[in-house]
Amino acid sequence: ERCIRLALDDFDKVDPDAHREKKIVLVSNCRESQGDVCNLRKELENDRKRVDVITVNIGVENGYGVSRKENECLVRGDMSRIFTYDDITPSGFEGRGLVNLYGIADEICETVTNDPTPAPTNEPT
C-alpha cells in the first residue's frame, strides 16, 4: 500500500489538477506484508479521476505467497491487466514469457478507457 501511496503523491506533484491519464505498474514477488492495497481501490477509481493499475506477479510457483490473482482488486475486473510469471529464469522470458512482456508493454501504452459494460446487456451499444 505504501508504494502505491508514494506513486500517487508523485502524480499529485506532476499533475495536481489530474488532467493526465495515469497508470501504475505494480510488480509483486511476494504477498503484501503491511497494509492492504484493496483499501486504495475507491481512491484509484473515483477520487483520482481514474488511475489504471497493471499488475505483474512474479514467482507464483516459488512459494513466496504471491498468487496468480495477486492485487486483482485493483484492476476493476479486467483480468487482461494481470500478468504472471512462474519464476524468474532466463528460460522464463522465452516463448510464453516473451509474449507476456509484449502484452505488458501493450497494456502500458494503451489509452486509459472506461470499464466495458457488464455482459450481457439488454441492448447493444
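View 1. The face of α1 turned away from its buried side carries the exposed residues R2, C3, K13 and V14. Buried means under 20% relative accessible area, exposed over 50%, and partly exposed in between (1.4 Å probe, protein chains only). Helices (H or I, at least four residues) and strands (E, at least two) are DSSP runs, numbered from the N terminus. This is a predicted model, in which local features need pLDDT of at least 70 and side-chain atom pairs need 80 or more, while totals for chains, interfaces and linings use all residues. Residues are numbered from 1 along each chain as its sequence is written, and side-chain values use heavy atoms, without hydrogens or water.

**View 2. The buried side of helix α1.** Which residues of α1 are buried? They are I4, L8 and F11. These three cover an arc of only 55° around the axis, which puts them on the same side of α1. The arc is that of the directions from the helix axis to the C-beta atoms. From its first C-alpha to its last, α1 reaches 19 Å over 13 residues. That is close to the expected 18 Å, which is 1.5 Å times one less than the number of residues.

**View 3. The three-strand sheet.** The sheet is open, with the order β1-β2-β3 and parallel pairing. Two strands pair if DSSP finds at least two bridges between them. Which strands stand at the edges? They are β1 (22-28) and β3 (82-85). Each has a single partner strand, so one side of each is left without a neighbour in the sheet. The twist averages 15° from one strand to the next. Axes are lines fitted to C-alpha atoms, for helices over the stretch in contact, and angles run from 0 to 180 degrees between N-to-C directions.

View 4. How many bridges join β1 and β2? The two strands pair in the parallel sense over seven bridges, with β2 spanning residues 51-58. K23 stands opposite D52 in β2. Helix α1 (residues 2-14) packs on the sheet and touches β1 and β2. The direction of α1 makes about 155° with that of β1. Helix α3 (residues 96-109) also packs on the sheet, touching β1, β2 and β3. The direction of α3 makes about 155° with that of β3. V25 has I54 as its bridge partner in β2. Strand β1 is mostly covered, with five of its seven residues buried.

**View 5. R81 and its salt bridges.** A salt bridge is a side-chain nitrogen of Lys or Arg within 4 Å of a carboxyl oxygen of Asp or Glu. By this rule the count comes to nine. R81 forms one of them with D52, the closest N and O atoms being 3.7 Å apart. R81 lies in the loop between β2 and β3, and D52 in strand β2, so the pair ties together parts that are 29 residues apart in sequence. Both R81 and D52 are buried. The relative accessibility of R81 is 3%. D78 also meets R81 in a salt bridge, at 3.4 Å from N to O. D78 counts as partly exposed, at 30% relative accessibility. Which residues are linked in the network? D52, R76, D78 and R81 are linked by salt bridges.

**View 6. R68 and D86, a salt bridge between two loops.** The closest N and O atoms of this pair are 2.7 Å apart. R68 sits in the loop between β2 and β3, and D86 in the loop between β3 and α3, so the pair ties together parts that are 18 residues apart in sequence. R68 is partly exposed, with a relative accessible area of 38%. D86 is partly exposed too, at 26%.

**View 7. Glutamate E70.** E70 lies in the loop between β2 and β3. Is E70 buried or exposed? At 15% relative accessibility, E70 counts as buried. Leaving aside neighbours within four places in sequence, E70 is in contact with R31, E32, T55, N57 and G65.

**View 8. Glutamate E21.** E21 lies in the loop between α1 and β1. At 53% relative accessibility, E21 counts as exposed. Not counting residues up to four places away in sequence, E21 touches T111 and V112. E21 and R50 are 29 residues apart in sequence, and their C-alpha atoms are 7.6 Å apart in space.

Conventions
Contact means heavy atoms within 4.5 Å.
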